[in-house]
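Me: Before we rely on the labels attached to this model, I would like to go through how each of them was reached.

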Amino acid sequence: MCAGHVWTPARRSCSPADGGRPIRYAPAMGETWINAAADSSAESLLALRPDLAGHLEAFDSHAAASIGPRLRTLLEIRAAQLLRNEGYVASADPELVDQATNWYSHAALSDVERTSIEVCEAFLIDHHSITDDQILRLQHLLGEQGTVALLMNIAMLDGFTKFRRVFAVEGI
Amino acid sequence: MSTSPRLRDAEGKPINAVAEYFSSTPYGDLYGHFWSHGLVEQSIKEVARLRNATITDCGL
(Lines give C-alpha, C1' and ligand atoms only; values in the text may rest on other atoms or scores of the structure.)
Protein backbone atom coordinates (compact mmCIF):
# COMPACT_ATOMS: atom_id res chain seq x y z
CA MET A 1 0.00 0.00 0.00
CA CYS A 2 1.22 3.52 -0.78
CA ALA A 3 2.01 5.66 2.27
CA GLY A 4 -0.84 8.01 3.06
CA HIS A 5 -3.23 6.29 0.69
CA VAL A 6 -6.12 3.92 1.27
CA TRP A 7 -6.42 0.68 -0.62
CA THR A 8 -9.73 0.26 -2.40
CA PRO A 9 -9.81 -3.29 -3.71
CA ALA A 10 -13.13 -2.90 -5.49
CA ARG A 11 -11.56 -0.32 -7.82
CA ARG A 12 -8.10 -1.89 -7.78
CA SER A 13 -6.78 1.60 -7.15
CA CYS A 14 -4.76 3.43 -4.51
CA SER A 15 -6.62 6.68 -3.98
CA PRO A 16 -5.46 9.66 -1.88
CA ALA A 17 -6.77 9.58 1.71
CA ASP A 18 -7.94 13.20 1.39
CA GLY A 19 -10.58 12.19 -1.12
CA GLY A 20 -8.66 13.14 -4.23
CA ARG A 21 -9.28 11.67 -7.65
CA PRO A 22 -8.87 7.86 -7.71
CA ILE A 23 -6.21 6.43 -9.94
CA ARG A 24 -7.52 4.61 -13.01
CA TYR A 25 -5.10 1.91 -14.09
CA ALA A 26 -6.87 1.09 -17.34
CA PRO A 27 -10.05 2.32 -18.97
CA ALA A 28 -12.90 -0.03 -19.65
CA MET A 29 -12.75 -1.75 -23.02
CA GLY A 30 -14.07 0.62 -25.66
CA GLU A 31 -13.05 3.74 -23.67
CA THR A 32 -9.61 4.20 -25.16
CA TRP A 33 -7.36 6.93 -23.77
CA ILE A 34 -6.27 7.86 -27.30
CA ASN A 35 -8.60 10.63 -28.37
CA ALA A 36 -7.11 10.88 -31.86
CA ALA A 37 -8.22 7.35 -32.70
CA ALA A 38 -11.33 7.25 -34.85
CA ASP A 39 -12.88 4.53 -32.69
CA SER A 40 -11.87 1.94 -30.10
CA SER A 41 -10.57 -0.64 -32.57
CA ALA A 42 -6.95 -1.79 -32.74
CA GLU A 43 -6.94 -0.89 -36.44
CA SER A 44 -7.93 2.70 -35.66
CA LEU A 45 -5.18 3.00 -33.06
CA LEU A 46 -2.49 1.58 -35.34
CA ALA A 47 -3.70 3.79 -38.19
CA LEU A 48 -2.14 6.69 -36.27
CA ARG A 49 1.26 5.18 -37.11
CA PRO A 50 0.60 3.66 -40.56
CA ASP A 51 4.19 2.87 -41.57
CA LEU A 52 4.91 1.04 -38.33
CA ALA A 53 1.55 -0.73 -38.51
CA GLY A 54 2.34 -2.01 -42.01
CA HIS A 55 5.66 -3.52 -40.95
CA LEU A 56 4.05 -4.97 -37.84
CA GLU A 57 1.25 -6.59 -39.83
CA ALA A 58 3.71 -8.08 -42.31
CA PHE A 59 5.81 -9.63 -39.57
CA ASP A 60 2.92 -10.79 -37.43
CA SER A 61 1.25 -12.46 -40.42
CA HIS A 62 4.49 -14.28 -41.19
CA ALA A 63 4.87 -15.38 -37.58
CA ALA A 64 1.26 -16.59 -37.35
CA ALA A 65 1.56 -18.58 -40.57
CA SER A 66 4.64 -20.35 -39.22
CA ILE A 67 2.62 -22.14 -36.52
CA GLY A 68 -0.74 -22.48 -38.30
CA PRO A 69 -4.14 -20.88 -37.62
CA ARG A 70 -5.47 -23.40 -35.08
CA LEU A 71 -2.49 -23.25 -32.72
CA ARG A 72 -2.28 -19.47 -33.14
CA THR A 73 -5.94 -19.11 -32.16
CA LEU A 74 -5.52 -21.34 -29.12
CA LEU A 75 -2.57 -19.23 -27.98
CA GLU A 76 -4.50 -16.02 -28.64
CA ILE A 77 -7.34 -17.25 -26.44
CA ARG A 78 -5.03 -18.34 -23.60
CA ALA A 79 -3.14 -15.03 -23.76
CA ALA A 80 -6.42 -13.10 -23.74
CA GLN A 81 -7.60 -15.08 -20.69
CA LEU A 82 -4.40 -14.51 -18.73
CA LEU A 83 -4.12 -10.82 -19.68
CA ARG A 84 -7.82 -10.19 -19.11
CA ASN A 85 -8.90 -9.27 -22.61
CA GLU A 86 -12.41 -10.50 -21.89
CA GLY A 87 -13.85 -9.11 -25.12
CA TYR A 88 -11.65 -11.31 -27.27
CA VAL A 89 -12.44 -14.42 -25.23
CA ALA A 90 -16.18 -13.69 -25.46
CA SER A 91 -15.96 -13.41 -29.24
CA ALA A 92 -13.89 -16.58 -29.76
CA ASP A 93 -15.21 -20.03 -30.69
CA PRO A 94 -16.54 -21.53 -27.41
CA GLU A 95 -15.13 -24.96 -28.23
CA LEU A 96 -11.64 -23.50 -28.71
CA VAL A 97 -12.04 -21.46 -25.51
CA ASP A 98 -12.84 -24.70 -23.67
CA GLN A 99 -9.77 -26.39 -25.15
CA ALA A 100 -7.48 -23.46 -24.27
CA THR A 101 -8.89 -23.23 -20.75
CA ASN A 102 -8.51 -26.96 -20.05
CA TRP A 103 -5.33 -27.49 -22.06
CA TYR A 104 -3.75 -29.78 -19.46
CA SER A 105 -6.38 -32.51 -19.93
CA HIS A 106 -8.51 -31.74 -23.01
CA ALA A 107 -8.53 -34.74 -25.35
CA ALA A 108 -8.86 -32.61 -28.50
CA LEU A 109 -5.36 -31.15 -28.10
CA SER A 110 -2.30 -32.67 -29.72
CA ASP A 111 1.00 -32.98 -27.84
CA VAL A 112 2.31 -29.97 -29.78
CA GLU A 113 -0.71 -27.86 -28.86
CA ARG A 114 -0.70 -28.92 -25.20
CA THR A 115 3.01 -28.26 -24.75
CA SER A 116 2.78 -24.96 -26.63
CA ILE A 117 -0.04 -23.66 -24.42
CA GLU A 118 1.84 -24.88 -21.32
CA VAL A 119 4.89 -22.84 -22.30
CA CYS A 120 2.73 -19.88 -23.38
CA GLU A 121 1.13 -19.82 -19.95
CA ALA A 122 4.50 -19.92 -18.20
CA PHE A 123 5.88 -17.21 -20.51
CA LEU A 124 3.01 -14.85 -19.72
CA ILE A 125 2.97 -15.46 -15.96
CA ASP A 126 6.72 -15.65 -15.28
CA HIS A 127 9.15 -16.25 -18.15
CA HIS A 128 11.87 -17.24 -15.66
CA SER A 129 9.78 -20.27 -14.73
CA ILE A 130 10.23 -21.94 -18.14
CA THR A 131 12.40 -25.00 -17.63
CA ASP A 132 15.00 -26.81 -19.72
CA ASP A 133 12.61 -29.78 -19.81
CA GLN A 134 9.84 -27.71 -21.36
CA ILE A 135 12.14 -26.34 -24.05
CA LEU A 136 13.53 -29.83 -24.78
CA ARG A 137 9.99 -31.14 -25.22
CA LEU A 138 9.23 -28.31 -27.64
CA GLN A 139 12.43 -28.99 -29.58
CA HIS A 140 11.53 -32.67 -29.82
CA LEU A 141 8.08 -31.79 -31.17
CA LEU A 142 8.85 -28.74 -33.31
CA GLY A 143 12.61 -28.67 -33.96
CA GLU A 144 14.86 -25.66 -33.39
CA GLN A 145 13.24 -23.35 -35.95
CA GLY A 146 9.76 -24.36 -34.87
CA THR A 147 10.56 -23.65 -31.24
CA VAL A 148 11.80 -20.17 -32.11
CA ALA A 149 8.73 -19.57 -34.28
CA LEU A 150 6.43 -20.61 -31.44
CA LEU A 151 8.16 -18.41 -28.86
CA MET A 152 8.08 -15.49 -31.29
CA ASN A 153 4.30 -15.87 -31.59
CA ILE A 154 3.98 -16.04 -27.81
CA ALA A 155 6.16 -12.95 -27.42
CA MET A 156 4.03 -11.05 -29.94
CA LEU A 157 0.84 -12.08 -28.17
CA ASP A 158 2.26 -11.15 -24.77
CA GLY A 159 3.38 -7.71 -25.91
CA PHE A 160 0.52 -6.73 -28.15
CA THR A 161 -2.27 -8.13 -26.01
CA LYS A 162 -0.92 -5.90 -23.23
CA PHE A 163 -0.51 -3.01 -25.71
CA ARG A 164 -4.15 -3.25 -26.76
CA ARG A 165 -5.41 -3.89 -23.24
CA VAL A 166 -3.69 -0.75 -21.91
CA PHE A 167 -5.28 1.33 -24.66
CA ALA A 168 -8.56 -0.55 -24.14
CA VAL A 169 -8.96 -1.28 -27.85
CA GLU A 170 -10.67 -4.37 -29.16
CA GLY A 171 -8.95 -7.31 -30.80
CA ILE A 172 -6.22 -9.70 -29.82
CA MET B 1 15.46 -20.41 -15.92
CA SER B 2 17.88 -21.75 -18.53
CA THR B 3 20.86 -23.61 -17.12
CA SER B 4 22.61 -23.91 -20.48
CA PRO B 5 22.23 -22.70 -24.10
CA ARG B 6 18.89 -24.15 -25.14
CA LEU B 7 19.29 -24.14 -28.91
CA ARG B 8 21.94 -26.42 -30.39
CA ASP B 9 22.85 -27.85 -33.78
CA ALA B 10 22.97 -31.57 -34.69
CA GLU B 11 26.45 -31.87 -33.14
CA GLY B 12 25.32 -30.32 -29.88
CA LYS B 13 26.99 -26.95 -30.40
CA PRO B 14 25.05 -23.85 -29.31
CA ILE B 15 23.55 -22.06 -32.31
CA ASN B 16 21.76 -18.77 -32.81
CA ALA B 17 18.53 -20.17 -34.22
CA VAL B 18 16.83 -16.94 -33.21
CA ALA B 19 18.95 -14.98 -35.70
CA GLU B 20 18.30 -17.63 -38.37
CA TYR B 21 14.58 -17.35 -37.78
CA PHE B 22 14.58 -13.56 -37.95
CA SER B 23 16.61 -13.54 -41.15
CA SER B 24 13.85 -15.50 -42.89
CA THR B 25 11.09 -13.08 -41.84
CA PRO B 26 10.16 -9.37 -42.37
CA TYR B 27 11.37 -8.72 -38.80
CA GLY B 28 14.33 -6.64 -39.99
CA ASP B 29 12.01 -4.16 -41.70
CA LEU B 30 9.90 -3.81 -38.56
CA TYR B 31 12.92 -3.51 -36.27
CA GLY B 32 14.70 -1.06 -38.56
CA HIS B 33 11.64 1.14 -38.90
CA PHE B 34 11.03 1.06 -35.16
CA TRP B 35 14.56 2.19 -34.31
CA SER B 36 15.14 4.60 -37.21
CA HIS B 37 11.82 6.45 -37.45
CA GLY B 38 8.99 7.70 -35.32
CA LEU B 39 8.14 10.35 -32.76
CA VAL B 40 9.96 8.94 -29.72
CA GLU B 41 13.50 10.22 -29.22
CA GLN B 42 16.34 7.73 -29.64
CA SER B 43 17.53 8.31 -26.08
CA ILE B 44 14.08 7.47 -24.70
CA LYS B 45 13.93 4.26 -26.73
CA GLU B 46 17.36 3.22 -25.47
CA VAL B 47 16.50 3.96 -21.83
CA ALA B 48 13.28 1.94 -22.21
CA ARG B 49 15.22 -0.90 -23.85
CA LEU B 50 17.78 -1.01 -21.04
CA ARG B 51 15.07 -0.90 -18.35
CA ASN B 52 13.13 -3.65 -20.08
CA ALA B 53 16.27 -5.78 -20.36
CA THR B 54 16.97 -5.27 -16.66
CA ILE B 55 13.47 -6.20 -15.56
CA THR B 56 13.27 -9.27 -17.81
CA ASP B 57 16.84 -10.39 -17.04
CA CYS B 58 17.95 -10.14 -20.67
CA GLY B 59 21.71 -9.96 -21.18
CA LEU B 60 21.39 -7.73 -24.25
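**How two helices pack**

Reply: In this predicted model, the axes of H3(A) and H6(A) come within 10 Å and cross at roughly 30°.

Me: Why are H3(A) and H6(A) called roughly parallel to each other?

Reply: Angles under 35 degrees count as roughly parallel, and the axes of these two helices cross at roughly 30°, so H3(A) and H6(A) are roughly parallel to each other. The crossing in which H3(A) passes H6(A) is right-handed.

Me: Which residues make the contact of H3(A) with H6(A)?

Reply: From H3(A) the contributors include Leu71(A), Leu74(A) and Leu75(A), and from H6(A) they include Ile117(A), Cys120(A) and Leu124(A). By class, this contact has 9 nonpolar, 1 polar and 3 charged residues.

Me: What makes a set of residues a nonpolar core, and which members touch the most others in the largest one?

Reply: The members have to be buried residues of the listed nonpolar kinds, joined through C-beta atoms within 7 Å. The largest such core has 30 residues, of which Leu75(A), Cys120(A), Ala149(A), Met152(A) and Ile154(A) touch the most other members. Among the elements that give two or more residues to this core are H3 and H6 of chain A, together with H1 of chain B, while H7(A) gives the most, with 9 residues.

Me: What is Met152(A) in contact with, leaving aside its neighbours within four places in sequence?

Reply: Met152(A) is in contact with Ala63(A) and, on the other chain, with Tyr21(B). The contact between the chains takes 20 residues from chain B and 17 residues from chain A, and H2(B) gives the most to the chain B side, with 5 residues.

Technical notes: Residues are numbered from 1 along each chain as its sequence is written. Chains are lettered from A and ligands numbered from 1 in the order in which they are written. This is a predicted model: local features need pLDDT of at least 70, side-chain atom pairs count only at pLDDT 80 or more; totals for chains, interfaces and linings use all residues. Two residues are in contact if their C-beta atoms, placed from the backbone, lie within 7 Å. Helices (H or I, at least four residues) and strands (E, at least two) are DSSP runs, numbered from the N terminus. A residue is buried if 20 or more other C-beta atoms lie within 10 Å of its own, exposed if 12 or fewer, and partly exposed in between; C-beta atoms are placed from the backbone. Axes are lines fitted to C-alpha atoms, for helices over the stretch in contact, and angles run from 0 to 180 degrees between N-to-C directions. Angles under 35 degrees count as roughly parallel, over 145 as roughly antiparallel, 65 to 115 as roughly perpendicular and the rest as oblique. A crossing is left-handed if the near helix is turned anticlockwise from the far one by less than a right angle, and right-handed if clockwise. Ala, Val, Leu, Ile, Met, Phe, Trp, Tyr, Cys and Pro count as nonpolar, Asp, Glu, Lys and Arg as charged, and the others, Gly among them, as polar.
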